[in-house]
Amino acid sequence: MKPIELGQDVLAAQGQILSRSAMRIGRRVAYGIVAAVFLMFAAISFHGFLWAFFIDVVGLGYVASALCVMGVDLLFVAIFGLLAARSIPDPVAIEARIRRDRKLAQLKQSVAMAALTGVVFGPAGRFTFRRVLDLVRNILGLRK
């Protein structure tokens with residue numbers, strides 16, 4: 001492939017990686033917001049109920065009931081916090097990364113080959129080839 005086409009393929013794969021990463025970060029932010037909203041509203045709504053439940057039904061004291069309510073809140077915060085912290089790339093992002101790495105390797109090879117052919121077929125290459133050919137003719141005695 002031509003170096004320009006390989007460069008375009010590398011950039012396309014990198015763009016796909018960045019878009020998938022942005023989606024993954026967006027999901028993490030959404031889970032974090034859900035955790036924060038639950039922490040505020042659900043905890044406020046159920047504090048009174050849970051506190052009364054632990055006092056009347058379970059038979060705990062005032063302090064023990066308050067600690068149990070706080071434990072339930074922290075359990076939900078931990079669950080949604082872990083969901084927000086999870087960052088696993090999806091298969092499309094993994095495939096795009098592999099494709100980008102392969103195209104980047106091909107681009108490096110193509111640029112190296114273009115540089116090599118430029119040296120071999122350029123002025124320096126023609127001069128060197130002419131000198132080597134003259135040397136071989138002199139050794140073999142095939143002078144014009």
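Modeller: A residue is called buried under 20% relative accessible area, exposed over 50%, and partly exposed in between (1.4 Å probe, protein chains only). This is a predicted model, in which local features need pLDDT of at least 70 and side-chain atom pairs pLDDT 80 or more, while totals for chains, interfaces and linings use all residues. Residues are numbered from 1 along each chain as its sequence is written, and side-chain values use heavy atoms, without hydrogens and water.

Colleague: Why is F54 called buried?

Modeller: The relative accessible area of F54 is 13%. Buried means under 20%, so F54 is buried.

Colleague: What makes F53 partly exposed?

Modeller: F53 has a relative accessible area of 33%, which lies between 20% and 50%, so F53 is partly exposed.

Colleague: Why is the pair of F38 and F76 called tilted?

Modeller: Rings of Phe, Tyr and Trp (its six-membered ring) pair if their centres lie within 6.5 Å; planes under 30 degrees apart are stacked, over 60 edge-to-face, and the rest tilted. The centres of F38 and F76 are 4.8 Å apart and the planes stand at 55°, so the pair is tilted.

Colleague: What makes the pair of F53 and F54 edge-to-face?

Modeller: Their ring centres are 5.7 Å apart, with 65° between the planes. An angle over 60 degrees counts as edge-to-face, so the name applies.

Colleague: How do you know that R100 is buried?

Modeller: R100 has a relative accessible area of 17%, and the limit is under 20%, so R100 is buried.
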